[in-house]
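Please open the model in your viewer and keep the selection tool at hand. The stops below say what to select next and what is found there.

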Amino acid sequence: MLQVVSACSNDPYPSDDQTRKVLYRAFPEAPKTLDPAVAYTTSAHAITGNIYEGLLEYDYVARPYQLVPALATGVPEAVSAPDGTIRYHFELRPGVRYADDACFELSESESSKSESSHSEIPDSPGSTPTTRSVTTRDLEFSFQRLADPAVASPIAQNFAKIRGFRQFSANLEQRRERDASFAARPPHEQYALVGGIEGVHLLNELELDLVLDAPYPQLLYWLAMPFTAPVPWEAVAYYDGEEGRPHFRDHPVGTGPFVLTRYNKQALMVLEQNPRWREWPQPAPGHIAPLGPRAGSRLPFIERVEYRREKEAIPAFGKFLQGYYDGSAIIEESFDRVIQEDQLSSDMAERGMRLEKSVEPGIYYLGFNMDDPVVGAPAGERGRKLRQAMSLVIDIDELSRLFLNGRGVPANSPVPPGLFGYDPEYRNPYREVDVERAKQLLIEAGYPGGIDAETGRPLKLGFDTPDTTSTAQLRSQFHIDAWRSIGIDVELRATTYNQFQEKMRNGAFQLFRWGWIADYPDPENFLFLLESSNGRTRSGGPNTANFSNAEYDALFAEMKDRPNDERRGELIREMQSILERERPWIELYHPEDYSLVSPWLENVKPFGMSYPMLKYYDIDPDERARLRAEWNQPIVWPAYALAGLSVLIVVPGIFTFFRERV
Amino acid sequence: MVWLSNGAVVVVLALASLAGIAVRRNPLWHDAMRRLARRRPITLMALSVFGLIALLDSVCWVGGETGPGSGDAVAAYEARSLLDRWFEPESFRERSYSAPFAAEEFYGAAPLEHPGEHWLGTDVLGRDVFFLTLKGFRVALLIGGFTSLIVIPIALAFGIAAGYFGGRVDDAVFFLISTLASIPSLLLLIALIMVLGRGTTQVCIALGITSWVSLARLVRAETFRLRELDYVEAARALGVSEFQIILRHILPNLAHLVVITFVLLFSSMVLAETILAYLGVGVDGSWGQMIDRAKDEFSRDPVVWWNLSAASAALFALLLSVNLLGDALRDVLDPRTLREL
């Protein structure tokens, strides 16, 4: 019995994987699509970001975030032409190849017919190629796919400043409607027939220019995401979801450090090293130098990544604690057990777990409807003082303590840490708690003690939130209690997210709570939320507060397309001081992400934005095997107890049986 | 709102005294109630206490002083009930969680403003849990009582019509009953609340619409039996109008069914609201909502148990008393069980 019990192990993985560098991850829900032009969720980027590679990427360690070249040879400067156009010149690294894939074999004969200009370099003469080099044509194809209305990329409008981008979409759509035989051709042939995008200008196989109609420096950030990564037209044509072939969205083919070798959405996703990855010299030493002695050695370190499906958070966290997953977010339920006084609990520290904190580039805020006659701009000085007073009583430290487990950086302005223009020294005078001053401001605003002279009762305002769960209501109640303390009677109107958005569109609200997570790390992506042409009720834009200030708009126009120089910092400071005074928002906090890392996982640095860096990770498998064995000592006594119990039950039965027989 | 709440108190008190008088006049009912009081004295006492708490929380008016050092400048302009005035929740609160009778905060161990005075601790916003639990009695009684008042007339009308007239009327009513009975009631409830909107009245109406079916079936079956009895036949032969027969001979004989179902419905309605609150569509201030909020606290470590326990215990106490009462009522009112005693 003892032998049976001790021979059992709860290890869910094959034993010969114990000594290999296999990274284990949990996923709750498979991404809907792995098409790099479409995938726009964190869970999808965790996969596509490792399979595809764009022209640029972010530096793994540098903060504020810094762009470095990936497939390109350098980060280009914008060159403006006399006709007002902007030109970016990219040079592709030579010898970049796609991961091996069947689609290259099968389309070889075709390609030699139609694409004679392609430089096919077979690996060894005589064999069918299973890969091919990346050329600027592949990049062009990716841009064309982004513009293709049938691909339905969620970020297509961000590329609209590329010359001819919209025109290409329109031409393509028209031609498809008119001509059914055209629509039946594979996409790359369609694109070639329509004539390409004017602003994506191929100079030769390795050089390309992007021509923009107007300045848009944020374009480079988009190029660091998987959206514009080179995609082989063979794969898109071949993987069409017919005749047993998977659809392209389920079968990615890219140039990145990993290849998706198994894709079972219900259970398991496996990424394996791509042997074709980066056959050019490694990134300059020092690039990952802060991570230890591995600088300059060949990436990636881990052989394989296994994503296993865990529908529920608690069991997944349990397996992490047993050592069967190598990292985990901290689930709400166990937060107080894992984190004590903002540090790892002694139990966790003893196990050697590491806590990685990173501030996400995002902000949560309470907003005022600036079109409202009571709290908004029409109320003039009265409204401004009212907003200032209401801002002065929201205690962010208390909110963070009660509801965020301390995970949040108090926000003084819309710009979050890690971005250009964030000033850690800056303190917004209206984001401190000062009840006396708030009461004084209310008197000046004409609401002494919160009493509205018209009704003789406390001023009544409405507060809209997009969440009806009871925990969210408690959080709203926290704000309401704060406002009640200065005599303002705020009524909560919690609705579903759709109803909430409807109200925001119609402008039928006074106060609201919302948040914003950046797409790319530029202050423009936050400050544009208060620019008047983006007004929600006027234009459906993201300026939900309907803030409209001519001075702010002028500063914003000058700031948005400037490089990160001193003048830009100055402009941002001026904009902050307008927001400080006008108070269209009560800034709450920048969300902070805490994650746990197992002791054997190395080179981990959290990134904030969805940008997977698996190629830098390293694992110590021996240490892992040792700790797994230590953490998973079988508990044997319940088995003995059960056995004892069954004996106690059975023995009297046997006695009775024999007695009856006799 | 003030007048609605106070008006409801007057109506409830008036109905109670009317019922009391009616019971006193009728020797059969009088006898039954006497036996009930003898069988379940503690249950009756507990229920009266619950009712009293709900009444105290219903009588309200604007004005008067709020608690000393109140952190709430709006409360003085709102209608506050006797219960509110007694507890003064505006000042009788802490900053966050504290355990029952604790002298310091649960997390961080800062000293409390009212050490040892929170019998059931405080919630995440520092509100007294004992007070919130007491407030829940009014909501629970309102849901149970109001819904039953909606259900009983509908069920009686349909049940008697179907049972007494039979034929086409019965077909029509039974079609309606089977249709409603074949829709999963929880889904129907949620759909109705989505249509009607959130709020106490809306939830009660939705609960009423979905739960009259079983009582209607009972009433229909009983009416079938009653209309064949000799005295009903005799009344019909004498030419008494249908309406008079229903009023004089059918309805009084259904009274015990109504009373028992009222009590049982009451508890199932309170329970149904708890489930609705768990799904996020409950009534503000109900125990269901408290439990819903507390479900995350229970998985905290160290565990915050007093919110969930207080609401569950109160719910349990009310439902147990109501069910015991229902049981006893059936024993007392049903002639068949009577004979055995």
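Predicted model: local features only at pLDDT ≥ 70, side-chain atom pairs only at ≥ 80, totals over all residues.

A nonpolar core, as the term is used here, is a set of buried Ala, Val, Leu, Ile, Met, Phe, Trp, Tyr and Cys residues joined through side-chain atoms within 4.5 Å.

**The cores**

Select A:F90, A:F159, A:L223, A:L271 and A:L527, which touch the most other members among the 136 residues of the largest nonpolar core. As general background, nonpolar side chains tend to be buried together in soluble globular proteins.

**Where the chains meet**

Now select the residues of each chain that touch the other: 26 residues of chain B are in contact with 25 residues of chain A. The area buried between chain B and chain A is about 2,200 Å², and carbon and sulfur atoms give 47% of that area. Between the two chains the count is seven residue pairs in polar contact, both residues being at pLDDT 80 or more, and the count of salt bridges is five. To look at a salt bridge, select A:D481 and B:R93, whose side chains meet at 3.0 Å, N to O. On the side of chain B that touches chain A, the residues divide by class into 13 charged, eight nonpolar and five polar.

Next, select A:D489, in strand β20 of chain A, which covers residues 489-494. Is A:D489 buried or exposed? A:D489 counts as buried because its relative accessibility is 6%, and buried means under 20%. Not counting residues up to four places away in sequence, A:D489 touches A:P458, A:L459, A:K460, A:L461 and A:R484 in chain A, together with B:V74 and B:E78 in chain B.

**Two loops with positive phi**

Most residues other than glycine have a negative phi. With that in mind, select A:A152, in the loop between α5 (136-147) and α6 (165-178) of chain A, where phi is positive, near 55°, in a residue other than glycine. Then move to A:N546, in the loop between α20 (536-539) and α21 (550-560) of chain A; A:N546 is not a glycine either, yet has a positive phi of about 55°. A:N546 counts as buried, at 2% relative accessibility.

**Chain B as a whole**

Finally, show chain B by itself, with its 14 helices and two strands. Its C-alpha atoms fill a box of roughly 80 × 40 × 40 Å along the principal axes, and 45% of the 341 residues of chain B count as buried. Of the contacts in chain B with a separation of 6 or more, 64% are accounted for by residues 24 or more positions apart.

For a last stop, select B:P252, found in helix α11 (residues 242-278) of chain B. B:P252 is partly exposed, with a relative accessible area of 45%, and B:P252 touches B:I246 and B:L247 when residues up to four places away in sequence are not counted.

How values were computed. Residues numbered from 1 in each chain as written. Chains lettered and ligands numbered in written order. Heavy atoms only, no water. Contact = heavy atoms within 4.5 Å. Buried area = accessible area lost by both parts, 1.4 Å probe. Salt bridge = Lys/Arg side-chain N within 4 Å of Asp/Glu carboxyl O. Polar contact = N/O pair within 3.5 Å; in protein donor to acceptor, adjacent residues only side chain to side chain. Nonpolar A, V, L, I, M, F, W, Y, C, P; charged D, E, K, R; others polar. Buried < 20%, exposed > 50% of the residue type's maximum accessible area, 1.4 Å probe, protein only. Helix = DSSP H or I, 4+ residues; strand = E, 2+ residues; numbered from the N terminus.
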